[in-house]
Amino acid sequence: MRGTELIVVMCTVILIVAVTTAVIMGITAYTPGPEVRPLAKFYLENCLNLWNRAYWAASPEAVCSMLWDYRGIDTLYETTVFFLAIIGGVTVFRLIEVTPPLESLSEKIRRVLGLSVIVRTISKIVASIILIVAVAIAAHGHLTPGGGFQAGAAISVAPLMIIIALSRYFLEERKLTKERMLALRTVGLLTIWCTVIIPLIFALVGQVVYAMQNQAKPWTTFPGFPTGQLSTWIAGSLFIYNMAEFVAVGAGFTLLFLLLSLPEEVFREFMRRLTRK
Amino acid sequence: MSYVIVLEVLLAIAFTVAVICTYMVVKERDLVKAVVLSALQSIMYTLAYYLLMAPDIVLAYVAVGVGIYSVVLLFAISKTERFEEVEAR
């Protein structure tokens, strides 16, 4: 048995070395190098072109400009699909109306809630650091790598750690219940959709605009979202989108973890009560 | 030119470790250990994304691949058995 495993590992290593050598020798056409291809050149030249503002997105971050401006509709529907996925998850748990109070749990369940003092303290410290980092990623999303989804995924690690180290009751005592998370998630998505529709309001008064427009274009009369001053550059609607997506994704993931961390005993008890009726 | 060579060697190391981790995940009987190895594989992919100059993907991948994905699997393991049964040979 050991011999077969060794042969498999050896074959894998030989394959990887061979493929790497081939790639280094240039067998594939594309290797990441200093040259820039035409499509990338367009975005890099135009995303913060202060001299020719015809195609600009008012953001130095090309990726964020693409996600929320040039290819904004893609991201819009993507985040809507993610919302529907969360709704699907919530539907599975629809029978659980309220979380059982801590006192009603049996002694056996209460004993496994939370970990030792060392883990609890370290988790609290790390979770607060994660919160700060996530807010920074979201708020700088239009200036540096990062953005709404990345920040939302990062911040959801904090409640996840807290659920494991301190149990979900720590979150619920601080009013982070699943109903509020669903409300926050919805508010985030509604903010995104409202920001998409804002330019269309100008169409009612005869302006030429298109949906999800960020900055003014030569062929439209929409003035564009404010870009802010040099010290507080908010890049028009990109900042709003990033913050709304941050709230939406963070709340969505937290909601799923709150549902997943319900003790199995709670479901059994609930089903027992349901069948007795 | 030397920059590209260094980049590709680092990429090759990252991907090699990732493939070895994947193999060990498949062979591992202890599912918790398998999740940790899978997180290590995610870290290697993150390194590869960083080397390929995609810092936006790095930020999302590190949170999802190492944090969220591992913990969702751990939740799943906590509902079943930790050790995979050795099948009769």
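Q: When does a charge count as sitting over a ring, and which residue lies over the face of A:Phe170?

A: A charge sits over a ring if NZ of Lys or CZ of Arg is within 6 Å of the ring centre and within 35 degrees of the ring normal. In this predicted model, A:Arg174 lies over the face of A:Phe170, at 3.7 Å from the ring centre.

Q: What conventions apply to the model and its numbering?

A: Local features need pLDDT of at least 70 and side-chain atom pairs count only at pLDDT 80 or more, while totals for chains, interfaces and linings use all residues. Residues are numbered from 1 along each chain as its sequence is written, chains are lettered from A and ligands numbered from 1 in the order in which they are written, and side-chain values use heavy atoms, with hydrogens and water left out.

Q: How many aromatic pairs are found over all chains?

A: Rings of Phe, Tyr and Trp (its six-membered ring) pair if their centres lie within 6.5 Å; planes under 30 degrees apart count as stacked, over 60 as edge-to-face and the rest as tilted. The whole structure holds 14 such pairs. The planes of A:Trp68 and A:Tyr241 meet at 15°, with centres 4.9 Å apart, so this pair is stacked.

Q: Which parts does the pair of A:Trp68 and A:Tyr241 tie together?

A: Helices are DSSP runs (H or I, at least four residues), numbered from the N terminus. A:Trp68 belongs to helix 3 (residues 62-70) of chain A and A:Tyr241 to helix 11 (residues 237-260) of chain A, so the pair ties together parts 173 residues apart in sequence.

Q: Is A:Phe82 buried or exposed?

A: Buried means under 20% relative accessible area, exposed over 50%, partly exposed in between (1.4 Å probe, protein chains only). At 18%, A:Phe82 is buried.

Technical notes:
Helix = DSSP H or I, 4+ residues; strand = E, 2+ residues; numbered from the N terminus.
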